[in-house]
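I opened this structure for the first time today. These are my notes, in the order in which I looked things up.

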Amino acid sequence: MGNTITDVIKQYGGDETRLMDILIDIQAAQGYLSDSAITQIARALGIPQVDVEQTVSFYHFFAREPRGKYAIYLNDSVVAEFNDRAGVAKALEEAAGCSFGQVSPDGLIGLFPTACIGMSDQEPAALINEVVFPRMTPAKARALVAGLKAGQAVADLAGTDFGEGQNAHPLIRSTVRNNIRLRGDMVFDRYEPGAALRRAVSMSSREIIAMVKAASVRGRGGAGFPTGMKWEFARKAPGDVKYIFCNADEGEPGTFKDRVILTELPGLVFEGMAVAGYAVGARHGILYIRNEYRYLRPYLESVLTGMREQNLLGAYIAGKAGFNFDIKIQFGAGAYVCGEESALIESAEGKRGEPRDRPPFPVEKGYLQKPTVVNNVETLCSVVQVLVKGVDWYNSLGTPESKGTKVLSVSGDCDKPGIYEIAWGFSVNDILKMVGARDVQAVQVGGPSGACIAPAEFSRTLAYEDLATGGSLIIIGAHRDLLKDVVLNFARFFREESCGSCVPCRALTVMAQRVMEQIVAGKGTPTDLARFVEWASIMKKNRCGLGQTALNPIITTLRNFKPLYDRRIAVGDDRFMPTFDLAAAVRDYDEAVKGP
Amino acid sequence: MATFVKFTLNGVECLAEDGTQLVEAAAENGVFIPTLCNYPGIPPKGSCRICTVLVNGIPVTACTTRVVEDMKVQTSTPELESFRKSVVEILFAEGNHLCPSCEKSGSCELQALAYRYRMTVPHFPYLFPKRDVEAWHPKILKDHNRCILCKRCIRGIHNKDGKALFAFGKRGDRLVINIDPETSRDVSDELVQKAMAMCPVGAILKKEKGFDVPIGSRKYDVAPIGSEVEG
């Protein structure tokens with residue numbers, strides 16, 4: 001009862017930097033975080049209540065009020081909308097007897113929208129109490145609610161049509177599918193657990209870093225920072241305590257590769273972290289993974305246990321004296337910005353995910369102010385294969401500036417959405433052919449923070465030197481209303497996900513969404529289009545990548561699809577405001593003079 | 001012993017103590033860099049972005065940047081000045097700022113900067129947010145309409161035990177500053193006064209006291225913002 005809170009806090013040693021774990025566990029036990037829970041947590045940790053509230057209210061999966069025995073989070077991403085999300089939402093509302101944002105009168109079912117949950121190849125998808133329901137239809141939605149009302153367990157309602165590979169593992173048992181359509185030579189190639197670590201311990205940390213540098217491994221999260229250089233900075237940074245983070249917070253709408261890699265090859269990722277630990281001189285690894293993937297937790301924990309038993313984690317790893325490294329899993333609680341490395345670190349420290357000012361960089365002062373390396377899931381996989389297969393092999397793949405392979409998350413209007421591991425240098429056209437896409441109007445490369453490109457650019461190649469990308473490709477068919485179905489959705493997404501710290505990002509994401517709504521409603525003006533360009537340059541001065549790229553959906557479509565805007569712009573005198581509704585403005589007066 | 005470094009400020013070679021915050025180093029050399037979230041003596045946060053300058057050609061916030069040898073700093077270009085004006089205008093359009101009825105009028109940094117940048121009417125769409133005036137606290141009045149979420153109070157105001165009185169709530173355009181009922185329970189008049197003075201706008205007010213100094217003879221009524229540095 002009341003002891004839950006005390007017990008949970010004791011379990012985490014009364015450590016306020018574990019606030020995320022504490023809140024996740026208490027919410028799991030009590031359903032939501034009540035006022036009295038907040039007060040108790042604050043007292044037990046010896047911190048102000050407002051500081052607890054600060055963290056709680058930042059993350060959208062933390063609930064300050066009951067969200068129903070079954071909180072149904074229905075993804076509202078672009079791809080979900082493409083696949084009749086509206087129909088599913090309507091069916092859920094009718095069956096549950098409440099609207100989105102509400103809980104049914106009997107307190108049984110709550111309906112909430114949520115940003116992309118990493119299931120873009122099987123949308124619309126919903127999350128219910130940590131169980132994923134992919135490929136929803138209105139009929140399935142009605143059956144689901146009926147089942148919940150009849151008292152069936154959520155896991156039973158999900159069914160036993162488990163996805164391929166490890167999705168059917170007894171510790172996962174999920175109907176989520178991998179949809180691996182193309183296995184490349186690196187991530188999804190054969191992998192012998194422990195081979196990289198055995199190789200690593202025969203080398204010095206300097207030699208490993210030299211090897212990673214020689215292979216010119218670059219970060220796969222999108223920015224493409226040279227991995228060897230990052231490791232070297234952290235290795236040289238003063239201090240005995242250092243950290244290796246694996247960033248598995250993939251929240252970029254349309255991206256789901258990390259989910260599949262962590263389902264099929266978590267050992268590969270963990271081994272990459274251990275190699276990084278050896279190279280940098282770190283003993284602690286943290287997998288920061290988004291809350292949406294919580295269904296993988298028991299499985300991932302079991303893989304870690306197995307690795308400890310095989311001496312691939314823990315002390316004397318691979319028989320090397322002094323090589324001690326272990327990994328813990330840190331869950332997020334719903335915030336896209338936490339994919340930014342310094343926001344991720346803040347979150348792991350139990351705070352709101354607000355990006356930090358740089359310098360200092362995380363490699364100098366990161367987690368708990370200690371030197372910290374944050375690497376993408378896929379980057380860590382690359383390093384393992386570089387160690388096993390060698391620098392020459394790695395450099396034989398890809399283009400001059402982009403070596404190795406890239407795992408793509410392909411979704412949207414095509415026959416075969418899913419995971420494709422390609423060598424860098426494929427053109428967009430090659431990919432469209434491969435995935436069975438016809439009548440393509442546009443491709444969103446790299447998610448909303450990337451670029452929306454038109455057919456004229458489909459001959460461009462995926463590479464750091466051309467179209468750099470974290471690997472998400474959303475294909476938009478000719479029949480879609482690009483501005484309404486895509487751009488406006490992304491504009492809402494960024495407004496929703498801004499941390500609010502930088503003035504331009506906090507305000508202009510709202511203003512841009514409003515103006516975009518007006519344009520879609522046919523009430524935009526040519527001035528509005530000029531404004532967007534000016535606003536985008538203001539946004540470039542925000543602190544983090546989210547803020548700097550938040551207007552990209554608008555700016556890149558304005559550049560590549562200008563006629564779509566022009567067609568919607570109200571013609572006429574630009575000195576008048578098309579948004580002004582005379583009838584509405586004088587309604588009160590009209591009613592008053594008309595009398596009852 | 002303090003070490004001094006040479007750096008270039010708008011093309012002029014200057015000296016400053018190694019590691020001095022750029023805002024201060026510039027001020028010591030007679031160059032005013034406008035700030036809103038920065039406040040002397042509290043850790044900088046770089047969130048209003050108005051102090052953005054070019055360091056070796058790259059835009060950075062001067063409040064979070066420390067001077068090092070040979071740094072080339074440009075504090076004023078047409079683009080930077082236009083950006084600063086935009087930040088001020090955005091803040092006016094984002095909140096509900098009614099200067100004539102505000103206790104801080106004349107000593108408000110946002111208002112003073114609006115004069116400096118000759119803001120006439122914001123070029124950004126007004127958001128007219130619905131915000132509260134929070135008056136439950138016996139000594140502090142928090143007018144969220146005026147709050148620019150600069151975090152000065154969060155970073156700079158602590159009770160005797162070193163605990164914060166203020167913290168953020170929520171995120172994005174729903175961001176708000178909350179007052180802690182417990183840590184602020186026995187807040188002294190002096191600390192409330194300090195919080196009010198630290199607030200760049202009129203969002204934190206001390207109850208039962210107002211308009212001590214008549215409008216017209218307040219800080220920026222007497223001398224415009226920046227004049228203390230620029231002379």
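**Entry 1: domains of chain A**

I noted at the start that this is a predicted model. I looked up the domain assignment of chain A next. It gives domain 1 (3-50), domain 2 (70-159), domain 3 (182-395), domain 4 (405-480) and domain 5 (483-568).

I then picked domains 2 and 3 of chain A. Their centres, taken over C-alpha atoms, are separated by 33 Å. How many residues of each are in contact? I found 14 residues of domain 2 in contact with 12 residues of domain 3. On the domain 2 side, the elements that give two or more residues are α5 (78-82) and β4 (131-133) of chain A. I sorted that side by class and got 9 nonpolar, 3 polar and 2 charged residues.

**Entry 2: an open sheet in chain A**

I traced an open sheet of 4 strands in chain A. Its order is β8-β7-β6-β9, and the pairing is parallel. Which strands are at the edges? They are β8 (326-331) and β9 (372-376) of chain A, each of which pairs on one side only. On average, neighbouring strands of this sheet are turned by 25 degrees against each other, direction ignored.

I followed one pairing more closely. Strand β6 (residues 243-248) of chain A runs parallel to β9(A), with 5 bridges between them. Here C246(A) is opposite N375(A) of β9(A).

I also checked what packs on the sheet. Helix α13 (residues 266-280) of chain A does, and it touches β6, β7 (284-289), β8 and β9 of chain A. The direction of α13(A) makes about 150 degrees with that of β6(A).

**Entry 3: strand β12 and its partners**

I moved on to strand β12 (residues 440-445) of chain A. I found it paired with strand β14 (residues 472-477) of chain A, antiparallel, through 5 bridges. A442(A) faces I476(A) of β14(A) in this pairing.

I looked for another partner and found strand β13 (residues 451-453) of chain A. It pairs with β12(A) over 3 bridges, again in the antiparallel sense. Q444(A) stands opposite C452(A) there. What do β12(A) and β13(A) form? They form a hairpin, with 5 residues between the two strands. In the turn, G446(A) has a positive phi of about 80 degrees.

**Entry 4: a helix pair**

I took helix α21 (residues 526-539) and helix α23 (residues 552-560) of chain A. Their axes come within 10 Å and cross at roughly 130 degrees. Angles over 145 degrees would count as roughly antiparallel and 65 to 115 as roughly perpendicular, so this pair is oblique. I read the crossing of α21(A) and α23(A) as left-handed.

I listed the contact residues. From α21(A) they are L529(A), F532(A) and A536(A). From α23(A) they are I554(A), I555(A) and L558(A). Polar or nonpolar? The contact has 6 nonpolar residues, no polar and no charged ones.

**Entry 5: chain B against chain A**

I finished with the two chains. I found 34 residues of chain B in contact with 31 residues of chain A. On the chain B side, β4 (58-61), α2 (78-94) and β8 (166-169) of chain B each give two or more residues. The largest share comes from α2(B), with 6 residues. I sorted the chain B side by class as well: it divides into 16 nonpolar, 10 polar and 8 charged residues.

Note on methods. Residues are numbered from 1 along each chain as its sequence is written. Chains are lettered from A and ligands numbered from 1 in the order in which they are written. This is a predicted model: local features need pLDDT of at least 70, side-chain atom pairs count only at pLDDT 80 or more; totals for chains, interfaces and linings use all residues. Two strands pair if DSSP finds at least two bridges between them. Axes are lines fitted to C-alpha atoms, for helices over the stretch in contact, and angles run from 0 to 180 degrees between N-to-C directions. Angles under 35 degrees count as roughly parallel, over 145 as roughly antiparallel, 65 to 115 as roughly perpendicular and the rest as oblique. A crossing is left-handed if the near helix is turned anticlockwise from the far one by less than a right angle, and right-handed if clockwise. Two residues are in contact if their C-beta atoms, placed from the backbone, lie within 7 Å. Ala, Val, Leu, Ile, Met, Phe, Trp, Tyr, Cys and Pro count as nonpolar, Asp, Glu, Lys and Arg as charged, and the others, Gly among them, as polar. Domain bounds come from an automatic or database domain assignment.
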